[in-house]
Amino acid sequence: MRRSEFHRAVDAEFGARAPSIVQDLVLAAVGQRTANEAIEAGVPPRDVWLALCVEMDVPESHRHGAGRLERRR
């Protein structure tokens with residue numbers, strides 16, 4: 001997952017709350033950092049996304065492949 005895919009996934013899942021979630025919510029699974037801090041520290045965006053999903057109880061069906069653009073035909 002690229003950083004841009006991470007941000008698309010977060011925006012799609014959390015809507016208007018997305019900016020405050022990635023800035024304010026501390027995630028234990030990524031070293032007691034916010035999502036933004038974890039990504040800046042070099043944690044792979046996919047790991048941050050999954051930690052965020054666990055913390056926010058995102059359904060499994062929304063987790064995998066989130067943020068990816070549809071293939072052009």
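Trainee: Which residues touch the most other members of the largest nonpolar core?

Mentor: This is a predicted model. In it, the largest nonpolar core has 19 residues, and Phe6, Val10, Phe14, Val48, Trp49 and Leu52 touch the most other members.

Trainee: Which helices supply at least two residues each?

Mentor: α1, α2, α3 and α4 each do. The most comes from α4, with 5 residues.

Trainee: Back to Phe6. What does it touch?

Mentor: Leave out residues up to four places away in sequence. Then Phe6 touches Met1, Val22, Ala35, Ile39, Pro45, Val48, Trp49 and Leu52.

Trainee: Which residues of α1 are buried?

Mentor: Glu5, Phe6, Ala9, Val10 and Phe14. Down the axis of α1, the buried residues fall within an arc of 135°, so they line one face of the helix.

Trainee: What do the buried residues of α1 pack against?

Mentor: Against α2 (18–24), α3 (35–40) and α4 (45–55).

Trainee: And how far apart are the end C-alpha atoms of α1?

Mentor: They are 16 Å apart. Helix α1 has 12 residues, 3–14, and at 1.5 Å a residue it should span 16 Å, so the two agree.

Trainee: What follows α1?

Mentor: Gly15, with a positive phi near 60°.

Trainee: New topic: Thr34. Buried or exposed?

Mentor: Buried, because its relative accessibility is 6% and the cut-off for buried is under 20%. Thr34 is in strand β2, residues 33–34.

Trainee: Which residues is Thr34 in contact with?

Mentor: Setting aside neighbours within four places in sequence, Val22, Gln23, Asp24, Leu25 and Val26.

Note on methods
Residues are numbered from 1 along each chain as its sequence is written. This is a predicted model: local features need pLDDT of at least 70, side-chain atom pairs count only at pLDDT 80 or more; totals for chains, interfaces and linings use all residues. Side-chain values use heavy atoms; hydrogens and water are left out. Helices (H or I, at least four residues) and strands (E, at least two) are DSSP runs, numbered from the N terminus. The expected span of a helix is 1.5 Å times one less than its number of residues. Buried means under 20% relative accessible area, exposed over 50%, partly exposed in between (1.4 Å probe, protein chains only). The arc is that of the directions from the helix axis to the C-beta atoms. Contact means heavy atoms within 4.5 Å. A nonpolar core is a set of buried Ala, Val, Leu, Ile, Met, Phe, Trp, Tyr and Cys residues joined through side-chain atoms within 4.5 Å.
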